[in-house]
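Biologist: I would like to learn how to read the features of a model one at a time. Please give the general idea, then the case at hand.

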Amino acid sequence: MAIELCRKGFKDVSISTKALYDLPSWRAGGFFDPGTGEETTLPLQLRTRRALETFHVFHQIEHGNHPYLLSNVVRRLPLYSMAHSKTGVEVLEKFNYMPPRQLVTIDFGNGIVHENYAKYITYFIDVAQVMKQLWTEVKKLKIPVIIEEICSFEQCTQDIICNCAGLAGGTLAQDELVYTQRGHFFLLNTEAGDAHMNYMLFTKVPQGEKDEYLYVFPKNSVHTAEYPDGRACSGMLGGTFIVDSDTLSKEELQKLDETEFQKLQERAQEFFYGKDL
Ligand SMILES: Cc1cc2nc3c(=O)[nH]c(=O)nc-3n(C[C@H](O)[C@H](O)[C@H](O)COP(=O)(O)OP(=O)(O)OC[C@H]3O[C@@H](n4cnc5c(N)ncnc54)[C@H](O)[C@@H]3O)c2cc1C
């Protein structure tokens, strides 16, 4: 936002942030979710327009036509998902932005076969690269960065405030329609690096009484306050989307995390290797 405002000629643009690392934007998977799902209150027409506009930006980046993001931040990858489930990518297919989905059977070659899957082609974004390139641009434009926590907009003396506070955005704006989701994922470390990760998987698998999420995305580095230059990894395996966990106590959260990591491990094991590993 700060970069875009500067580029449009706004003066005295600055960024206030409570942290530089350990943020969702460094951690995200990077699957281009066109955001046409039901979780937003925006009318479908507006959601679709937004999805297609976002697609155009990725297309521009892919072809080296973006003013400050290089083409190495996006690539087209197959996304495997259950044929009857919705991933949001359908909108790209509908407008002929990506090739039509193919119905496929996933065969891991170890006796585990999953039928009725769809293979889509969509964008995968290297989020660590995006973040690095955005910070390079912030430095180039000499945008001041102030490390501070904003607890209320009354604290801000500027004429215009752009609320980009992510998880805290709803609270700051006192917007009750905005809610948080807690996610759990494992980082994958294989000796093969991320070279084998030339696909994405986003699906639901039955577990207990419910269908639970399972996703796999490539990831080649993870950046935290401890490792600002990044630590090599080869992918990420998730996950969960748990609503309103921020109302839980510390002990309840710890219990939730333990349970969810255990469940995630079990369903991943079953999906890739079968029950009797
Ligand atoms: C595990 C995981 C996987 C994901 N996978 C995908 C995916 O595949 N595809 C996809 O589209 N999305 C995915 N997401 C979601 C995506 O990461 C987020 O929607 C996106 O990164 C949000 O970006 P943002 O800039 O709005 O917020 P953030 O990255 O959260 O940045 C918020 C900024 O505001 C600052 N801030 C917050 N509160 C305050 C405060 N009170 N005062 C001052 N500063 C404050 C923070 O320090 C930070 O700089 C995933 C998220 C996670 C966690």
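**Reading the model**

Modeller: Start with exposure: Gly-111 has a relative accessible area of 66% and is exposed. Buried means under 20% relative accessible area, exposed over 50%, and partly exposed in between, with a 1.4 Å probe and protein chains only. This is a predicted model, in which local features need pLDDT of at least 70, side-chain atom pairs count only at pLDDT 80 or more, and totals for chains, interfaces and linings use all residues. Residues are numbered from 1 along each chain as its sequence is written, and side-chain values use heavy atoms, with hydrogens and water left out.

Biologist: Where is Gly-111 found?

Modeller: Helices (H or I, at least four residues) and strands (E, at least two) are DSSP runs, numbered from the N terminus. Gly-111 is in the loop between β3 (102–107) and β4. Its C-alpha is 8.4 Å from that of Gly-274, although 163 residues separate the two along the chain.

Biologist: Which residues are closest to the ligand?

Modeller: A residue counts as near a molecule if one of its heavy atoms lies within 4 Å of it. Here 23 residues surround the ligand, and the closest are Thr-17, Ser-25, Gly-29, Phe-31 and Ile-150. With Ala, Val, Leu, Ile, Met, Phe, Trp, Tyr, Cys and Pro as nonpolar, Asp, Glu, Lys and Arg as charged, and the others, Gly among them, as polar, the shell has 13 nonpolar, six polar and four charged residues. At least two shell residues come from each of β1 (15–17), α2 (24–27) and β9 (210–217).

Biologist: Is Asp-257 buried or exposed, and what does its side chain contact?

Modeller: Asp-257, in helix α7 (residues 250–273), is buried because its relative accessible area is 16%. Its side chain makes a polar contact of 2.7 Å with the side chain of His-184. Contact in general means heavy atoms within 4.5 Å; beyond its neighbours within four places in sequence, Asp-257 is in contact with Arg-182 and His-184.

Biologist: Which residues touch the most other members of the largest nonpolar core?

Modeller: A nonpolar core is a set of buried Ala, Val, Leu, Ile, Met, Phe, Trp, Tyr and Cys residues joined through side-chain atoms within 4.5 Å. The largest has 36 residues, and Leu-92 and Phe-217 touch the most other members. A second, separate core of 15 residues includes Ile-106, Met-197, Val-205 and Val-216.

Biologist: What about the backbone geometry?

Modeller: Look at omega and phi. Gly-238 and Gly-239 are joined by a cis peptide bond, with omega about 5°. Lys-142 has a positive phi, near 55°, and is not a glycine; Gln-174, also not a glycine, has a positive phi near 50°.

Conventions: Polar contact = N/O pair within 3.5 Å; in protein donor to acceptor, adjacent residues only side chain to side chain.
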